[in-house]
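User: Could you take me through this model step by step, so that I can follow how each answer is reached?

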Amino acid sequence: MTIETTPAQDLRSSELYTNRELSWLDFNGRVLELAEDDGVPLMERVKFAAIWTSNLDEFFMVRVAGVHDQIEAGLTEPGADGRTPAQVLAAIRERVLEQYERHARCVRDELRPALDRHGIRIVRCDEVDDDAREGLDARFRRQIFPVLTPLAVGLGRPFPYISNLSLSLAVLLRDPQTQHRTFARVKVPKEMLARFVDVGDEGERVYVPLEDVMATHLDALFPGMEVLDHGVFRVTRDGDLEVDDEADDLLEAVEAELRRRRFGEAIRVEIDTGMSDALREQIVSALKVAERQVYEVEGLLDGTD
């Protein structure tokens, strides 16, 4: 009797393995599916949309930063899945762009209209009535303007440091006398003020994004200058912790790494889809990032809010 034996499988075959970074993106994709599922309660869907964003932030800060480190170290050997670090990075970008598009479509076409039907609206300054606009102007002068710090870039004024996950306005200015153009950055002070400014009357829930209120009042921030253009951007930095477990004081070592997180290398730059090429080039050049690290985001940046 002849016994047929199955040939031993080559455990080195890349077909047997998946990439850990792409597998994580599949997991976050399942979080996004919960936001897209109309069988899930509305506010839970909104929460899952926010969780998808915060998860992606951490993914770039740690996982994608690690892939960048491999590339900068000159590693070209493929991993168990057969991909080199450069190929992994390209695959990550492709998958993330697809999820960005799904997230934007879900928020734009499903979540915000559903919230609107329940009386919860997020609008722009030019969509509110005159009374609400007057209230916004007064609130800007009283609460917002005093905590803003516009920083111009030019001779003797280097590009300001952009902290990790901070939201910023990029502004292009022109001096009406010299015609000289200047780039400026204004941080959106979410640590001090609410991201959404309430403009609803009693019983209404109508909100304007803080960055939109700021953009509407740029003339007050740059008196005597012509505001040519503005846009919103957000920087994600390397936040991977490298703590020696044999350090003399482990707590001190962890605290030092957490402080370093704010000053890590820029890994991702998110910009709004309407940003002009001039502003985009200024940001990309100043932050010394490649085009593959720039992600256009439709709608509001920083969906964690």
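User: Which residues in α1 meet α3, and how many nonpolar, polar and charged residues does the contact have?

Analyst: In this predicted model, the residues of α1 that meet α3 include Leu-22, Leu-25, Gly-29 and Leu-32, and among their partners in α3 are Val-88, Ile-92, Val-96 and Cys-106. Glu-21, Asp-26, Asn-28, Glu-33, Ala-35 and Glu-36 also belong to the α1 side of this contact. Sorted by class, the contact of α1 with α3 has 10 nonpolar, 4 polar and 7 charged residues.

User: Are α1 and α3 roughly parallel or roughly antiparallel to each other?

Analyst: Helix α1 covers residues 20-36 and helix α3 covers residues 85-117, and their axes lie 11 Å apart. The two helices pack at an angle of about 5 degrees, and angles under 35 degrees count as roughly parallel. The helices α1 and α3 are therefore roughly parallel.

User: Where is Leu-165, and is Leu-165 buried or partly exposed?

Analyst: Leu-165 sits in the loop between β2 and β3, and its phi is near 65 degrees, a positive value in a residue other than glycine. Most residues other than glycine have a negative phi. Buried would require under 20% relative accessible area, whereas Leu-165 has a relative accessibility of 25% and so counts as partly exposed.

User: What separates the C-alpha atoms of Gly-154 and Ala-184?

Analyst: Gly-154 lies in the loop between β2 and β3, and with a relative accessible area of 33% this glycine is partly exposed. Gly-154 and Ala-184 are 30 residues apart along the chain, while the separation of their C-alpha atoms is 9.0 Å.

Methods:
Residues are numbered from 1 along each chain as its sequence is written. This is a predicted model: local features need pLDDT of at least 70, side-chain atom pairs count only at pLDDT 80 or more; totals for chains, interfaces and linings use all residues. Side-chain values use heavy atoms; hydrogens and water are left out. Axes are lines fitted to C-alpha atoms, for helices over the stretch in contact, and angles run from 0 to 180 degrees between N-to-C directions. Helices (H or I, at least four residues) and strands (E, at least two) are DSSP runs, numbered from the N terminus. Angles under 35 degrees count as roughly parallel, over 145 as roughly antiparallel, 65 to 115 as roughly perpendicular and the rest as oblique. Contact means heavy atoms within 4.5 Å. Ala, Val, Leu, Ile, Met, Phe, Trp, Tyr, Cys and Pro count as nonpolar, Asp, Glu, Lys and Arg as charged, and the others, Gly among them, as polar. Buried means under 20% relative accessible area, exposed over 50%, partly exposed in between (1.4 Å probe, protein chains only).
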